[in-house]
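Here are a few friendly notes to read alongside the model. Have the viewer open as you go through the points.

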Number of protein chains: 4
Amino acid sequence: MLSFVCDYSEGAHPRILERLAETNLVPQPGYGSDEYTLSARGKIARACACPKADVYFLAGGTQTNQTVISSLLHSWQGVVAAETGHIAVHEAGAIEYSGHKVLTVPGHDGKVCADEVKALLKGFFEDANHEHMVFPGMVYISFPTEYGTIYSRAELQALHELCRSYDIPLFLDGARLAYGLAAEGCDLTMPDIASLADVFYIGGTKVGALCGEAVVFPRGNAPEHFLTQIKQRGALLAKGRLNGIQFETLFTDGLYFSLGRHAVEMAVQLRKVLHENGCHFFLESPTNQQFIILEDSVMERLSREVAFDFWEKQDDTHTIVRFATSWATRPEDISTLAGILHKL
Amino acid sequence: MLSFVCDYSEGAHPRILERLAETNLVPQPGYGSDEYTLSARGKIARACACPKADVYFLAGGTQTNQTVISSLLHSWQGVVAAETGHIAVHEAGAIEYSGHKVLTVPGHDGKVCADEVKALLKGFFEDANHEHMVFPGMVYISFPTEYGTIYSRAELQALHELCRSYDIPLFLDGARLAYGLAAEGCDLTMPDIASLADVFYIGGTKVGALCGEAVVFPRGNAPEHFLTQIKQRGALLAKGRLNGIQFETLFTDGLYFSLGRHAVEMAVQLRKVLHENGCHFFLESPTNQQFIILEDSVMERLSREVAFDFWEKQDDTHTIVRFATSWATRPEDISTLAGILHKL
Amino acid sequence: MLSFVCDYSEGAHPRILERLAETNLVPQPGYGSDEYTLSARGKIARACACPKADVYFLAGGTQTNQTVISSLLHSWQGVVAAETGHIAVHEAGAIEYSGHKVLTVPGHDGKVCADEVKALLKGFFEDANHEHMVFPGMVYISFPTEYGTIYSRAELQALHELCRSYDIPLFLDGARLAYGLAAEGCDLTMPDIASLADVFYIGGTKVGALCGEAVVFPRGNAPEHFLTQIKQRGALLAKGRLNGIQFETLFTDGLYFSLGRHAVEMAVQLRKVLHENGCHFFLESPTNQQFIILEDSVMERLSREVAFDFWEKQDDTHTIVRFATSWATRPEDISTLAGILHKL
Amino acid sequence: MLSFVCDYSEGAHPRILERLAETNLVPQPGYGSDEYTLSARGKIARACACPKADVYFLAGGTQTNQTVISSLLHSWQGVVAAETGHIAVHEAGAIEYSGHKVLTVPGHDGKVCADEVKALLKGFFEDANHEHMVFPGMVYISFPTEYGTIYSRAELQALHELCRSYDIPLFLDGARLAYGLAAEGCDLTMPDIASLADVFYIGGTKVGALCGEAVVFPRGNAPEHFLTQIKQRGALLAKGRLNGIQFETLFTDGLYFSLGRHAVEMAVQLRKVLHENGCHFFLESPTNQQFIILEDSVMERLSREVAFDFWEKQDDTHTIVRFATSWATRPEDISTLAGILHKL
């Protein structure tokens, strides 16, 4: 069935499968010391314009968030996030499982506001009276957010300066980074991200890889014994080559960025089709996720011909649903959808 | 270079790559609800002769051990293992990170002895005096062990009965299960394992998959909300299809078992070659791992032409090294090694 | 200086010190198996009208909350609490340190509302779609709350029934239980609390003991190996007699309840004095804590003659402060305060 | 009944009770900012000859070990201890509960040997090959040990230098410190302990206090936000005065040291009586704990008239038992025991 459910419905970009096949029988050392991983690290460091970057590969997003956050925080610290942030809601308590509280601030279409974060930090760092509370030890943002929105350069700069002034790291979850960088109106590049975040990850799972996220510490600022910490959290693949080969491919000839552009182009067409068919938007994002409000009986009929994602109930008779494009969306998928919507 | 370093040096068995390519663009739901995962579950349940089995797929061994052990133990319980067990030594404290002690018993060529385990359990369950100690809540064994040795049916039966009598689960780490089942003298089958263990995993990473381990709860005895617990520990792949496709392939036409037999046949030839060239064995195992003792200068010369694994120092002038065969070892690798050894 | 800072400013009720002295040199076994602890358990069970109650003594409130909550929850569960609840704000992340999320609902003068809790629970227990979220596994309330307010019998009954219907425990934090039971308008007794909560603790530290909280599992429903779990969390006193003697004294001749009544009588007079002197109340509670709003210059002058607790800034020129009475407040303290306020 | 069960059978030294009564109604701020705690800190710093010492008070030994160890270690580190160390055996897994492995070395009558510790450390710090293992991040010793033995100055110096050379802290558990310092042949003073350990605690519970242990960071080297970390682990008493008053008393006029000397004098007499009555010693210690081997029928008869501690079975017909003196042992208790033994 035609599917706009999410951006991880298909396997991998064909070049990744080709490269896995080409390299398949070359013996390599394990745990990320293989030549493909080394090469991928170099390519990513160059794409970030950070020659000193430490780059590590993990298998998935929750694992990456858990490992990065728990290895950077002291036990008495928590992580600040939007109340709609992935780590606050949809990771089954992975951060708390590692012993840390998620300190929430309001989410504005998924984004945190530097002023509201500052108000929270200020209390801890400037008053004496917080010894019985969890100290904010890091700020977590997602780019794009869970709602497909993106931070402007000015917004990210403000968060960067705020974190700098309180000497805590800014962590950017880039599960869908390529889709954010390719967004209409995005005024940030990969090197900008690398210079404004203290640690971030480049998502592979949602951008054409079978699995894999690349954690970047742009200034060589990985925590001590980070490999051991990855292992301890169960997140170290024996065949590190699997991640290495995938990211080496994604960062050869700009594939990662072109996959991002493709998904956003498809999303532009998707929005056009949704508008033309009179859909009400809950949130129209500049990236690959679009949130629309459907009357329940319409939703039911539509769901017989096209797959999309239930988001949440709007009211008794309406539902918010998500349509996502991806690296794998084809122009003809959009036209097929247009036909279906038109019929309804 | 010729390599006998380990059984995870290469990529995947070619049929797995083919199957990944064939299915690549079929959209599927995430998190293990795809059709390949469903099919793989069924095939594994049949291979275990356990129609009610719960089967889950995780990405790697440490992650699997951590998730299974921490989800089955109560907070006041620890896991009993050989002092040489993988969880006791080489997982960077992943079990303790999840809050549980590893209670060790002596390892006999990697195996635990039911009588010694019983002596430990007996104290806790029959005396009153252990309230200030960590209670044994599970027995962990590896099959084959970290030394390539295997349990006989009688030995496994004894451990099964012991665990049953104290009402604690027996967990079998089958990272290299195929190599154990194919071993010379092995009197156990997959259904035997499934009937004697309360939970076990079928290793993919070391037996021809890019990644992936299949956890089997043979009697439908998975812990409540196990999927959520996997997610919470960062171990749930978004593209569950990656594991599903690999295990579906491994359990089609008996591929998993034939890979096991191949590695063991290669190991038989390897042992022969090592013997013929006068090598001293530290431990000669019936599976794919062989441990020999090399004089250090010999080791140094040998290492210029063939890769193997440093195990530990034997004394000031000798070192124990490991040679491993795998699903990917070719007969000509053994002859090449024979030539190299002969020269030395 | 005259002090209304809190209810743990002084040492212990004199009868407790006398009893410590009387029993001082009688040798007793450790870890809570002494005769005083046994006697205290019996007296508390009787005061709760729960002959089968399991009663355990811990040293402090945070420790008790951490131990009870973490030993009752499964790893995939969190605890529901008011966003102003002590465990959510002022315990330095002790619950998250034990691996669990605090799931917050709005606080209404410190209280949770059964309907809002139900709305949260309903989603988890009646929809399928929450596998990536932390499941609510317990409801936590404080009685009286952090704002001195109390639940009515009807409100507690509603929470009891809600928890029963979803089969999760209701945990009542009674750090100041005596002050709640003695409150004007309280329509609940200790046996009522015991029949409506699944587990609760009777606070000693804030009601005349040097330290100590009594955890009650009214229906003999303590978790398995609870003593070992207390030990594991560092919360088991070697000289269990210290807690035993204190609680035995508090539950002899109704001392605990009369200390509660005394503090509330003092609070009634305190409120009268505050009203007579034109103080604005932020929250006027029926128990021993009163929250008033002071103009900052008044606050500054007042603080030279009487100690009270800073609560939070109301606006740029006003501050909310707390005045607390306790078992140790003397009628003359109130008159002295009246004189001081009158002068201002 | 006459009791030599342990050193925490009675309440508190009478001067402590007197001082609790004297100060009882003086209002004080909570959580260790009271004047008695401040005074106790100063007295302890002086007794240690460490004017810059950070001193914190916790309620019990397991709690103290758990808090100190988990706040000093990084997540990827474990603590080295004797296999008979309290944290390795008798604290219900409190260290593992906080996420860290206890790395054991052989115990020699309870003591670790610097050479054996060095052999363990050397591997981690000088070889490259330990990334999949738990790194040793601290050395834990008890003084006196669980067997009543003590380290000589030379032995402690060796451990100090070893830890210094690998830049990891040496933690000394002084639950019974007074009894060690007063031991025959002890060539160490409190200032020596303070200069050779990086952190240690002075036990109160077993030396005349109702509860309480004083953690000393001799060079002002407490971890950041240590108070918050104590709170987070549930170990912060609201009435910090309870610990403050007790330790202020113990460190006034050398009471702590004289209690130590008294117990050791009683132990000298105890040993004499045991010898005179032909008892076989399992371990004759220079401190307050003596371990003897009793034929089971003798043990049974003896236990009707005097209480002692079961240690472990020696063989089918003999048992090792412990007799402990303490600050509360009276000379007549020894004579009474002599009479009882003589009759047998």
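Which residues in α12(B) meet which residues in α14(B)? The first point takes that up, after a word on conventions. This is a predicted model, in which local features need pLDDT of at least 70 and side-chain atom pairs count only at pLDDT 80 or more, while totals for chains, interfaces and linings use all residues. Residues are numbered from 1 along each chain as its sequence is written, and chains are lettered from A and ligands numbered from 1 in the order in which they are written.

1. From α12(B), the residues are M266(B), Q269(B), L270(B) and V273(B), and they meet I334(B), L337(B), A338(B) and L341(B) of α14(B). Contact here asks that C-beta atoms, placed from the backbone, lie within 7 Å. By class, this contact has 7 nonpolar, 1 polar and no charged residues. (Ala, Val, Leu, Ile, Met, Phe, Trp, Tyr, Cys and Pro count as nonpolar, Asp, Glu, Lys and Arg as charged, and the others, Gly among them, as polar.)

2. The axes of α12 (residues 255-276) and α14 (residues 331-343) of chain B come within 10 Å and cross at roughly 10 degrees. That makes α12(B) roughly parallel to α14(B). Axes are lines fitted to C-alpha atoms, for helices over the stretch in contact, with angles from 0 to 180 degrees between N-to-C directions; under 35 degrees counts as roughly parallel, over 145 as roughly antiparallel, 65 to 115 as roughly perpendicular and the rest as oblique. Helices (H or I, at least four residues) and strands (E, at least two) are DSSP runs, numbered from the N terminus.

3. Chain B also has an open sheet of 7 strands with mixed pairing, in the order β2-β8-β7-β6-β5-β3-β4. Its edge strands, β2 (54-58) and β4 (102-105), each pair on one side only. Pairing takes at least two DSSP bridges between two strands. Within the sheet, β5 (residues 135-142) and β6 (residues 170-174) of chain B pair in the parallel sense over 4 bridges, and I141(B) has L172(B) in β6(B) as its bridge partner.

4. Between the chains, 42 residues of chain A are in contact with 42 residues of chain B. On the chain A side, the largest share, 4 residues, comes from α1(A). That side divides into 20 nonpolar, 16 polar and 6 charged residues.

5. Chain A is assigned domain 1 (2-7 + 256-343) and domain 2 (14-253), with bounds from an automatic or database domain assignment. Their C-alpha centres lie 27 Å apart. The contact takes 16 residues from domain 1 of chain A and 20 from domain 2 of chain A.

Conventions
Two residues are in contact if their C-beta atoms, placed from the backbone, lie within 7 Å.
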